[in-house]
Amino acid sequence: MSKLLAQRSVGGLADAIDANEDFTLVDTRPTESFEAWHVPGAVSVPYHPVDGLGGGFTWDDVAALLDDDPIAVICAKGLASTSFGFELSARGYEEVSVVKGGMEDWSKLYDVVELDVDGDLFLAQIQRRAKGCLGYVVGDRETSEALVVDPTRQHHEFELVAADAGLRITGVLDTHVHADHLSGGRALADRVSVPYYLHSEATERDVLYDFTPVSDGQTLSVGDVDVEVLAAPGHTTELVNLLVDGEYLLSADTLFVESVGRTELEFGDAGAEAGAEMLYETLHDVYADLADDVTVLPGHVSVDADGRFGVGEPGELVAATLGDLREQLHLFALDRDGFVERVTERTDEKPPNFETVIDVNRGVFELEPSEGDDLELGPNNCAV
C-alpha cells in the first residue's frame, strides 16, 4: 500500500515562501499555464496522471531540478500534483507534499493590512495575493459601523475583517463594474441586508440588478467618518474614487502605485482614446484640489507571471502619497496628447475571460459557484 502524502495548505505555502524556507515547489500544469501565471519560485515540470511527463521532460531532467530540500507539488486543483507526488515517493524522494486545492485555492488566498490611522477611523486593505486585487474596509470604531469597498467573490474575507475589528457592515460599494474578477459586493450586501452602492452612471452600462446609486460629490457617512464620492471616469465611465476623511484616496482602477488604469476594457480598442481623454481629466482636474499628502490606496497591484507584486510584498501596505506619484510617475508629466498616446499605444494582454466577467458583474447572467473558479484564474491585467 502506498503511504499517504503530506498536504500543505495554500496558507502554509505562503508562510513558507514569506519565511524563505528551503524547499522546491514543482508546478505540474501544462507549460503554457505555468508561463502565464505561477507561484513565486516554482519550477515547471508538466505532468499528466495518465500520460506522464510532458514538455519533453525525462526523469533525469526532473532529478536535475531537485536536491535534498523538501519538495512541494502544485497543479491546477490538486489532482495531477497528487499523482506526481506519489511517483516521486516511489522513486525514493522523501519529504514530498502536495498543495491542497492547487492554483485554484492559491487564487483565493488573502492578506490583511490594517493602516495605522488616528482617532476612531478604521481602515484595512484586503489583498488577494495571487491576483493583486485590493479591497477595503472603512469603519468608525466609536459607532462600530463599516463600509466594505470592492469585495471580491470570497466576500467572507471582508466580513471577517469587519467582525474582528468589532464593526458591523452598514454598506457595500463597488467602485465600478470590474473586468478582472467577479465581484462579491451584491452578494455581501444581500447577506447582511445593507445597501449596495454603485455610481448612478452604472445604469448606462446596462447593470440589471438593483443598487443604490451614488453621485459625484455625495458624502457617505460611516459613523462620523466622511467618505466623499468622486466621479473618476477613464478606466470605465461609471468608476468612482472615495476620499476618506479628506486624507485617504481609494483610487480604484484610476491610479495605481505603479501605473494607471487601462481604458479599452469597457470602450474597446476603438474607444480607448476617448477613455484615455477622460482618464487624463480625472488625474489633472478631479485630483486638482487634492493635497500632495493624501494617501493613495489603489484597487490593484500588478502581479507578474512569476507571481510577484510589482510593488512591495504581500502583507505590506500598497500605498503612496499623491505628491510622490505626481513627481515619480512619468504618466503624470505627459501633456494630454502624450498621455493619450501612451495609454493607448501599448497594453498588456487583456484579463482572461474579461467580457464574461463583466457580463456576470452586470447581472446579465449568473454562474454556478464552481464556474467562477475557472473564470478568475490568472492575475489581474487592469493597468497600462
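Strand 18 (residues 248-252) and strand 19 run parallel and are joined by four bridges; strands are DSSP runs of E with at least two residues, helices are runs of H or I with at least four residues, both numbered from the N terminus, and two strands pair if DSSP finds at least two bridges between them. The model is predicted, so that local features need pLDDT of at least 70 and side-chain atom pairs count only at pLDDT 80 or more, whereas totals for chains, interfaces and linings use all residues. Residues are numbered from 1 along each chain as its sequence is written, and side-chain values use heavy atoms, with hydrogens and water left out.

Within this pairing, L249 stands opposite V296 of strand 19. From strand 19 (residues 295-298), T295 and L297 point one way and V296 and P298 the other, and all are buried (under 20% relative accessible area, with exposed meaning over 50% and partly exposed in between; 1.4 Å probe, protein chains only).

A search of the whole structure finds 21 salt bridges, each defined as a side-chain nitrogen of Lys or Arg within 4 Å of a carboxyl oxygen of Asp or Glu. In one of them, D111 pairs with R129, the closest N and O atoms being 3.0 Å apart. Because D111 lies in strand 8 (residues 110-114) and R129 in the loop between strand 9 (121-128) and strand 10 (133-140), the pair ties together parts that are 18 residues apart in sequence. D111 is buried at 16% relative accessibility, and R129 is buried at 5%.

A salt bridge also joins the side chains of E376 and R153 (3.1 Å, N to O). E376 belongs to helix 13 and R153 to the loop between strand 11 (145-149) and helix 6 (156-164), so this pair ties together parts that are 223 residues apart in sequence. E376 is buried at 1% relative accessibility, while R153 is partly exposed at 24%. Both residues belong to a network of salt bridges that links K108, R128, R153, D373 and E376.

On the surface, a patch of negative charge gathers D116, D118, D120, E142, D224, D226, D245, E247 and D293. Patches consist of residues with over 30% relative accessible area and no salt bridge, like charges being joined within 9 Å and nonpolar side chains (Val, Leu, Ile, Met, Phe, Trp, Tyr) within 5 Å. D226 lies in strand 16 (residues 225-231) and is partly exposed, with a relative accessible area of 41%.

Terms used. Areas by Shrake-Rupley, 256 points an atom, 1.4 Å probe, with all protein chains shown as cover. Lys, Arg positive; Asp, Glu negative; His and termini not counted. Charge placed at Lys NZ, Arg CZ, Asp CG, Glu CD.
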